Amino acid sequence: MIWTRRGGGYLALVAPLPIFLALAYGLPFLGVAGWSLTLPEPGLAQYARVFTDPIVQGVLVRTLRICAVVTIATTVAAYALAYVWVRGSPRQRIFVEFCILVPFWISTLTRAFGWLVLLYNRGLVNSWLQALGAIDAPLTMVRNEFGVVVGMTHFLIPFAVFPIASAMRHVDERVLLASRGMGASRLRTFWSVFLPMTMPGILGAGLIVFVFSLGFFITPAILGGGRSVMAAEFVYVQLFQTANWGLAAAISVVLVAIVAVLVALLFRLTRVEKLVG
């Protein structure tokens with residue numbers, strides 16, 4: 001009886017969150033799914049177009065490619081920052097905390113325009129390189145995928161640092177000392193012991209970054225200059241410029257399905273690692 005009362009109390013505390021998520025996200029998503037099946041005519045024509053139209057396929061492939069590159073670059077950079085943040089000296093930790101927290105205080109639009117000023121043909125980076133004699137002509141670093149990757153990576157690094165740092169803090173120091181005591185070098189201890197033990201944090205950070213990347217709109221629009229259109233920007237065009245709501249809804253449903261598959265794979269990998277461990 002006591003357990004039942006406690007269970008009912010816990011359920012009453014937890015219930016508002018899933019109810020809110022269902023009302024705020026579930027119902028709107030059902031409406032979007034309905035548009036994909038009914039606009040402009042009932043049927044699966046919009047989904048057929050998603051998987052057969054070369055333009056739509058090009059946008060989806062470009063989106064997945066950019067998201068994959070951003071995920072790899074962001075995770076590697078975040079891992080290095082998290083390592084210094086967790087295992088560095090007090091001064092190094094303070095500096096890394098500053099680098100992680102300050103970007104949260106700057107808007108996405110401001111950061112995108114900042115990178116545009118830095119990477120533009122007549123921007124600061126090209127001006128410095130030409131002044132040093134490293135290049136003769138300006139490098140094209142915006143209005144292409146390179147600029148998009150740089151801007152998205154810079155934005156997403158702080159989000160990836162936290163799960164990786166959390167995994168690093170849970171590493172038992174005695175395991176590392178045992179590895180060193182058995183004759184392993186620092187590099188061997190890192191690759192064979194520390195890195196595998198922090199893999200759940202890496203997987204979590206990669207999933208967070210990839211999911212966030214799928215929905216990026218402002219940064220690709222500014223740094224891509226309309227030449228590296230990603231899915232979110234393409235959906236916006238279909239909604240507000242061509243009024244093709246059915247196609248936009250179908251693309252949105254496909255992206256949500258991709259995210260659901262990735263989350264399911266992450267949970268399965270995490271479960272397997274726990275069983276193996």
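Guide: Start with a term: a nonpolar core is a set of buried Ala, Val, Leu, Ile, Met, Phe, Trp, Tyr and Cys residues joined through side-chain atoms within 4.5 Å. Keep in mind that this is a predicted model.

Visitor: OK. How many residues does the largest nonpolar core have here?
Guide: The largest nonpolar core has 55 residues. V50 and I251 are those with the most contacts inside it.

Visitor: Which elements give two or more residues to this core?
Guide: They are α3 (45-52), α4 (54-87), α5 (90-101), α8, α10 (186-197), α11 (199-214), α13 (231-240) and α14 (245-276).

Visitor: And where does the largest share of this core come from?
Guide: From α8, which gives 12 residues.

Visitor: Back to I251. What does I251 touch?
Guide: Leaving out residues up to four places away in sequence, I251 touches V50, V56, L60, F234 and V235. V50 is the other residue named for the most contacts inside the core.

Visitor: New topic: holes. How many cavities of 30 Å³ or more are there?
Guide: The count is one cavity of 30 Å³ or more. The largest cavity holds about 40 Å³ of space.

Visitor: Which residues line the largest cavity?
Guide: The lining is made of T108, R111, A112, W115, G151, H154, F155 and T219. Two elements give two or more residues to that lining, α6 (108-119) and α8 (145-169). The largest share, four residues, comes from α6.

Visitor: What classes are the residues in the lining of the largest cavity?
Guide: Three are nonpolar, four are polar and one is charged.

Visitor: And pockets? What volume does the largest pocket have?
Guide: The largest pocket has a volume of about 240 Å³. Its lining consists of Y83, R87, E173, L176, L177, R180, R186, T189, F190 and F194. The elements giving two or more residues to this lining are α4, α9 and α10.

Visitor: How do the residues of that pocket lining divide by class?
Guide: Into five nonpolar, one polar and four charged.

Visitor: I clicked on S179. Where is S179 found?
Guide: S179 is in helix α9, residues 173-181.

Visitor: Is S179 buried or exposed?
Guide: S179 has a relative accessible area of 13%, so S179 is buried; the cut-off for buried is under 20%. Not counting residues up to four places away in sequence, S179 touches A184, T189 and V193. T189 also lines the largest pocket.

Visitor: What about M197? Why is M197 called partly exposed?
Guide: Because M197 has a relative accessible area of 33%, and partly exposed covers the range between the buried cut-off of 20% and the exposed cut-off of 50%. M197 lies in helix α10.

Visitor: What does M197 touch?
Guide: M197 touches V171, D172 and V175, again not counting residues up to four places away in sequence. The C-alpha atoms of M197 and A167 are separated by 7.7 Å, and these two residues are 30 residues apart along the chain.

Visitor: Last topic, cysteines. How many disulfides does a search of the whole structure find?
Guide: The search finds zero disulfides.

Visitor: Then is C67 buried or exposed?
Guide: C67 is buried, with a relative accessible area of 0%. C99 is partly exposed, at 33% relative accessible area.

Notes
Residues numbered from 1 in each chain as written. Predicted model: local features only at pLDDT ≥ 70, side-chain atom pairs only at ≥ 80, totals over all residues. Heavy atoms only, no water. 1 Å grid on protein atoms, 1.4 Å probe; cavity = no way out; pocket = protein on both sides within 12 Å on 5 of 7 lines; lining within 4 Å. Points joined across faces, edges and corners; volume = space filled by probe spheres on them. Nonpolar A, V, L, I, M, F, W, Y, C, P; charged D, E, K, R; others polar. Buried < 20%, exposed > 50% of the residue type's maximum accessible area, 1.4 Å probe, protein only. Contact = heavy atoms within 4.5 Å. Disulfide = S-S within 2.5 Å.
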